[in-house]
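Okay, thanks for having me.

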Amino acid sequence: MSERQESLCERHREFVPLIAAIDKVEGELATGSALLIRAETGGLHETLSHELIPHAVGEGRTLFPVLRRITGTDRETREMLAEHREIARLTDELERIRDELSRAGIGAEQEARMRRVLESLKRAISSHFEQEERACFQVLKEELTPEEAERLYEAMERATKEIRRTYGCGGGRDFDP
Ligand SMILES: [Fe+2]
Ligand SMILES: [Fe+2]
């Protein structure tokens, strides 16, 4: 496998610390410090809206059309786009609860809601990466030449950067796969 074909798959490894960061915030929920939790979830929201969501939109515009062409069906990309939307929705919900924390402080209700949204995010992100790596990258690796993989990788990177510039501050609200 060429370096670029490898790179198409390696993008997700950058997000491994995100799962660890979600676990950390979950652990801190029990401390009940609204200030600490607000700061930590602020960092999470930043990574989700500035890194993960632009990556997802970039994929939707570059990788997925190639996958549809190769497989001759939109079944998998439809599922993956629905997962992208779910991750964006949860990102917005995280920000809403974070906002409430600054006004109402942290009570049992906020803690439970925050825990639910963090758990859902973790599940959605992990299962999405698994599916994407299996379905998407496996097909791409087998069907693309190293040169095609290189061009696709560059197109995805360009699209991701462009989206980060355009939507970077809007969280999931401006999400448009
Ligand atoms: Fe991805
Ligand atoms: Fe994705």
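Let's start with one residue: is Leu44 buried or exposed? Leu44 counts as buried, because it has 20 C-beta neighbours inside 10 Å. The rule I'm using is that a residue is buried with 20 or more other C-beta atoms within 10 Å of its own, exposed with 12 or fewer, and partly exposed in between, with the C-beta atoms placed from the backbone.

Quick housekeeping. This is a predicted model, so local features need pLDDT of at least 70 and side-chain atom pairs count only at pLDDT 80 or more, while totals for chains, interfaces and linings use all residues. Residues are numbered from 1 along each chain as its sequence is written, and chains are lettered from A and ligands numbered from 1 in the order in which they are written.

Now the overall picture. The protein has six helices and zero strands, and from the N terminus on the order is α-α-α-α-α-α. Helices here are DSSP runs of H or I with at least four residues, strands are E runs of at least two, and both are numbered from the N terminus. Of the 177 residues in the protein, 31% are buried. Take the contacts with a separation of 6 or more: 81% of them are between residues 24 or more positions apart. A contact means two C-beta atoms, placed from the backbone, within 7 Å.

Back to Leu44, which sits in helix H3. Leaving aside neighbours within four places in sequence, Leu44 is in contact with Ala21, Ile22, Val25 and Leu94. Leu44 and Val25 are 19 residues apart in sequence, and C-alpha to C-alpha they are 9.0 Å apart in space.

That takes us to the helix pairs. Two packed helices are described by the angle between their axes and the distance between the axes. Axes are lines fitted to C-alpha atoms, for helices over the stretch in contact, and the angles run from 0 to 180 degrees between N-to-C directions.

So, H2 and H3: they pack at about 160°, with axes 10 Å apart. That makes H2 roughly antiparallel to H3. The naming goes like this: under 35 degrees is roughly parallel, over 145 roughly antiparallel, 65 to 115 roughly perpendicular, and the rest oblique. The H2 and H3 crossing is left-handed, where left-handed has the near helix turned anticlockwise from the far one by less than a right angle, and right-handed has it clockwise. Residues on the H2 side include Ala21, Ile22 and Val25, and those on the H3 side include Ile37, Leu44 and Leu52. By class, this contact of H2 with H3 has eight nonpolar, three polar and three charged residues. Nonpolar covers Ala, Val, Leu, Ile, Met, Phe, Trp, Tyr, Cys and Pro; charged is Asp, Glu, Lys and Arg; the others, Gly among them, go down as polar.

Next, H2, residues 16-28, against H5: again an angle of about 160°, axes 10 Å apart. That makes H2 roughly antiparallel to H5, and their crossing is left-handed. Here Ile19, Ile22, Val25 and Glu26 of H2 meet Arg115, Leu118, Leu121, Lys122, Ile125 and Ser126 of H5.

And then H3, residues 34-71, with H5, residues 108-143: about 70° this time, axes 10 Å apart. That makes H3 roughly perpendicular to H5. On the H3 side we have Leu63, Val66, Leu67, Ile70 and Thr71, meeting Cys136, Val139, Leu140 and Glu143 in H5.

What about the inside? A nonpolar core is a set of buried Ala, Val, Leu, Ile, Met, Phe, Trp, Tyr and Cys residues joined through C-beta atoms within 7 Å. The largest one has 20 residues, and Ile53, Leu94, Ile97, Val117, Leu118 and Leu121 have the most contacts inside it. H3, H4 (75-104) and H5 each supply at least two of its residues, with H3 giving the largest share, seven. Leu121 touches Ile22, Leu90 and Leu94, not counting residues up to four places away in sequence. Apart from that core lies another, of 13 residues, among them Leu8, Leu63, Val66 and Leu152.

Last stop, two partly exposed residues. Arg38, in H3, counts as partly exposed because it has 16 C-beta neighbours inside 10 Å. Arg38 touches Arg98, Leu101 and Ser102, leaving out residues up to four places away in sequence. Ala155, over in H6 (residues 146-167), is partly exposed too, with 15 other C-beta atoms within 10 Å. Ala155 and Thr62 are 93 residues apart in sequence, yet 6.5 Å apart in space, C-alpha to C-alpha.
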